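Work through the two exercises below with the model open. Try each task before reading its solution.

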Amino acid sequence: MKTTEYKFSFEEYASIEDLNAADGALLKQARAVTDTAYAPYSKFNVGAVALLANGTQVSGTNQENAAYPVGICAERVLLGSAAVLHPGIAIETIAITYHNTTGASGHPISPCGMCRQALVEFEDRTQHPIRLILSGMEGKVLIIQQAGSLLPLSFKGNDLK
Ligand code: THU
């Protein structure tokens, strides 16, 4: 028997002001796109903006449905759009934030389990790590160097072979 240790670390910044210019601009964009979320049921607007390896930006917001499970998270809307609009292009960084219309938005959120799986697949297919910038509309910002680190021992295409 052996024990394998998994180490996880992330950066923490007090606010958007402490980010470098490119990361700050991406987070600012993500905060702006929360307005395009369709979240009449949860009233929890999530915005995500990606910087692609070709320098372009792609955004996604959550799109809910009266049949609740049909709703899609901002991250997966973004990944689908990126794959269609820029086939084969890797994602460098995604900024994710939210606007909770029922309360404060000062603590960072991180992707749900299903989105973590989708992010891992995107990293795998493009052979490129995706950095994550996580925040709310104000306050603390977390930076994770590789989305896949949020889903250790994840199930991948290779496992099907
Ligand atoms: N949601 C996202 O879009 N991304 C996340 O990372 C967490 C949750 C959405 C799903 C649903 O529309 C609403 O937020 C409340 O769960």
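**Exercise 1.** At what angle do helix α2 and helix α3 pack, and how far apart are their axes?

**Solution.** First, the ground rules. This is a predicted model, where local features need pLDDT of at least 70, side-chain atom pairs count only at pLDDT 80 or more, and totals for chains, interfaces and linings use all residues. Residues are numbered from 1 along each chain as its sequence is written, and side-chain values use heavy atoms, leaving out hydrogens and water.

Step 1. Find α2 at residues 74-85 and α3 at residues 113-126. Helices here are DSSP runs (H or I, at least four residues), numbered from the N terminus.

Step 2. Read the geometry. The angle is about 25°, and the axes are 9 Å apart. Axes are lines fitted to C-alpha atoms over the stretch in contact, with angles from 0 to 180 degrees between N-to-C directions.

Step 3. Classify. That angle makes α2 roughly parallel to α3 (under 35 degrees).

Step 4. List the contact (heavy atoms within 4.5 Å). From α2 come E75, R76, L79, A82 and A83. From α3 come M114, C115, A118, L119, F122 and R125.

**Exercise 2.** Which atoms of E64, A74 and E75 lie by an oxygen atom of the ligand?

**Solution.** Step 1. Take the glutamates. A polar side-chain atom of E64 lies 2.5 Å from a ligand oxygen. For E75, a polar side-chain atom lies 2.6 Å from one.

Step 2. Turn to A74. Here a backbone N or O atom lies 2.9 Å from a ligand oxygen.

Technical notes: Helices (H or I, at least four residues) and strands (E, at least two) are DSSP runs, numbered from the N terminus. Angles under 35 degrees count as roughly parallel, over 145 as roughly antiparallel, 65 to 115 as roughly perpendicular and the rest as oblique. A polar contact is a pair of N or O atoms within 3.5 Å; within protein, one must be able to donate a hydrogen and the other to accept it, and residues adjacent in sequence count only if both atoms are side-chain atoms.
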